[in-house]
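Here are my notes on this model, point by point. Please read them with the structure open.

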Amino acid sequence: MLPPKHLYSAAIINKHSKPQAVHVVYRSEGQDDIVEKQIIKPNEHHVFTQKTFTRPDDTASYTYAIENIEVPEFHEIKGPFVEGPTKLKAFELIGDDKEGSVSIKESNEVRVW
């Protein structure tokens with residue numbers, strides 16, 4: 001059996017010259033999706049943190065996985081983003097001011113978040 005290709009949290013770095021709205025959808029089987037929205041200023045970042053829930057009888061806790069990352073009206077990427085369970089992965093918002101485009105790509109940047 002292969003491990004799940006789940007990403008639990010993500011750091012988004014805005015390398016575009018304008019503030020960008022980012023929507024991250026978290027999903028867990030049998031639960032309603034969680035959509036977290038954040039406006040990220042140029043040259044700043046935001047960490048979309050891990051989300052968990054506990055069964056009503058307190059017998060187990062579960063973690064949501066990030067299903068997709070979206071810059072509304074511009075670009076959306078859908079998972080899986082990783083080959084195995086991963087706590088944190090970085091992504092960059094890049095674009096062309098003249099065309100007004102924005103896209104999302106995986107980042108090789110290493111930081112202490």
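**Notes on the predicted model**

1. Start with Glu36. Glu36 sits in strand β3, residues 34–40. The model is predicted. The relative accessible area of Glu36 is 17%, so Glu36 counts as buried, the cut-off being under 20%.

2. What does the side chain of Glu36 meet? A polar contact of 3.3 Å joins it to the side chain of His46. Leaving out residues up to four places away in sequence, Glu36 also touches others, among them Val22, His23, Tyr26, Phe48 and Lys51.

3. Next, the aromatic rings. The count is 3 aromatic pairs. In one of them, the ring centres of Phe81 and Phe91 lie 5.5 Å apart and the planes are at 75 degrees, so this pair is edge-to-face. Phe81 belongs to the loop between β8 (75–78) and β9 (86–96), and Phe91 to strand β9, so the pair links distant parts of the chain, 10 residues apart. Both Phe81 and Phe91 are buried.

4. Phe53, Tyr62 and Tyr64 are linked by ring pairs.

5. Now the fold. The chain has 10 strands and 0 helices. Of contacts between residues at least 6 apart in sequence, 61% join residues at least 24 apart. The C-alpha trace spans about 55 × 25 × 25 Å along its principal axes.

6. Last, surface and charge. Of the 113 residues, 35% are buried. The chain exposes about 7200 Å², with 48% supplied by carbon and sulfur atoms. There are 14 positive and 18 negative charges, and their mean positions are 4 Å apart.

Technical notes
Residues numbered from 1 in each chain as written. Predicted model: local features only at pLDDT ≥ 70, side-chain atom pairs only at ≥ 80, totals over all residues. Heavy atoms only, no water. Phe/Tyr/Trp six-rings, centres within 6.5 Å; stacked < 30°, edge-to-face > 60°. Helix = DSSP H or I, 4+ residues; strand = E, 2+ residues; numbered from the N terminus. Buried < 20%, exposed > 50% of the residue type's maximum accessible area, 1.4 Å probe, protein only. Polar contact = N/O pair within 3.5 Å; in protein donor to acceptor, adjacent residues only side chain to side chain. Contact = heavy atoms within 4.5 Å. Areas by Shrake-Rupley, 256 points an atom, 1.4 Å probe, with all protein chains shown as cover. Lys, Arg positive; Asp, Glu negative; His and termini not counted. Charge placed at Lys NZ, Arg CZ, Asp CG, Glu CD.
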